[in-house]
Amino acid sequence: MRILYVSRETPLAPAGGIATYLEYMVPAMEAAGHEVFLFSWTEAERPARPLRHAPFRADRVHIEAVDPREVWRICPVPAHNLFLSTWLSDRIAEKVRDWDIDVVEATDFLAPCLTAFQAMQARRGAADRLFVTYNHGLIEDFYEADQLSLTAAARLNNLCERQQLRGSDLVVAPSHAAAARLASYGISDRVEVIREPYTFRNAAAAPWPGLRDEIQYMGRLALSKGIDKLI
């Protein structure tokens, strides 16, 4: 199969958990005989070419340059996730056609495929493709962990993320805690738990220093992703 990953966070540049997920998942999918592609975007005023494309092939990577001011002029809605996914929708669909993609997997973060999924699911041939969302973590999880009320803009963005999850054919959850959170929203029949494949070794067995115990954390932890595996 041909799999298109849609994410702003990627291994092509320093990033967070989603990039780490792709670092593991992309080679695993290629080893299983699949072809992997990447659709990403940047809101930088002067987009720079990535220094490397690994673990993707350079000819299977598309990075869309987005001008937020131009997007806002054309689609002035208060939810950043909504105007961004609306702007990217046609470009994502175009690459799906160009690369003859079988599976589109996006993240709930920034709801990049909300509008694209809705549009492609309403077109001829929708049944021939699988639309997947990787549940990286909803906006509300972080507000809840910090005991803050959602702002109006954050609430709209969170709604977009939930809508994309509900509209997906399949949702990948990185932990049972994440799956339980989705079930509380009424999203459970299309959820597959795939534990985060991170391996922690001691210093003697790995080239990095290993886990350190002299770090003091002041605040709250959101145990809604894959941290239960580490615990």
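Hi everyone. Please keep in mind throughout that we are looking at a prediction.

Let's begin with the sheet. There are 7 strands in an open sheet, paired in parallel, and the order is β3-β2-β1-β4-β5-β6-β7. At the edges you find β3, residues 61-65, and β7, residues 191-193; each has a single partner strand, so one side of each has no neighbour in the sheet. From one strand to the next, the twist averages 20°.

Now to β1. This strand covers residues 2-6 and is joined to β2, residues 35-42, by 5 bridges, with the two running parallel. How many of the residues of β1 are buried? It is 4 of the 5, so β1 is largely enclosed by the rest of the structure. To get from β1 to β2, the chain passes through α1, and that β-α-β crossover is right-handed.

That brings us to helix α1 itself, residues 17-31. Helix α1 lies across β1, β2, β4, β5 and β6, and runs at about 175° to β1. Helix α4, residues 114-121, also packs on the sheet, where it touches β4 and β5, and its direction makes about 160° with that of β5.

Strands β5 and β6 pair in the parallel sense over 3 bridges, with V132 opposite L170 in β6. Another 3 bridges join β6 to β7, again running parallel, and here V172 stands opposite E192 in β7. Between β6 and β7 comes helix α7, residues 176-184, and together they make a right-handed β-α-β unit.

The structure holds 4 aromatic pairs, and I'll show you two, including Y21 with Y134. Are those two rings stacked or edge-to-face? Their centres are 3.8 Å apart and their planes are at 5°, so the pair is stacked. Y21 belongs to helix α1 and Y134 to strand β5, so this pair ties together parts that are 113 residues apart in sequence. Both tyrosines are buried.

The other pair is W72 with F83. Here the ring centres are 6.1 Å apart and the planes are at 70°, so this one is edge-to-face. W72 sits in helix α2, residues 68-74, while F83 sits in helix α3, residues 80-98, so the pair ties together parts that are 11 residues apart in sequence. As for accessibility, W72 counts as partly exposed because its relative value is 41%. F83, with a relative accessible area of 8%, is buried.

Last stop: arginines over rings. R162 lies over the face of Y185, at 3.9 Å from the ring centre.

How values were computed
Residues are numbered from 1 along each chain as its sequence is written. This is a predicted model: local features need pLDDT of at least 70, side-chain atom pairs count only at pLDDT 80 or more; totals for chains, interfaces and linings use all residues. Side-chain values use heavy atoms; hydrogens and water are left out. Two strands pair if DSSP finds at least two bridges between them. Axes are lines fitted to C-alpha atoms, for helices over the stretch in contact, and angles run from 0 to 180 degrees between N-to-C directions. Contact means heavy atoms within 4.5 Å. A crossover is right-handed if, with the strands pointing away from the viewer, the path from the first strand over the helix to the second runs clockwise. Rings of Phe, Tyr and Trp (its six-membered ring) pair if their centres lie within 6.5 Å; planes under 30 degrees apart count as stacked, over 60 as edge-to-face and the rest as tilted. Buried means under 20% relative accessible area, exposed over 50%, partly exposed in between (1.4 Å probe, protein chains only). A charge sits over a ring if NZ of Lys or CZ of Arg is within 6 Å of the ring centre and within 35 degrees of the ring normal.
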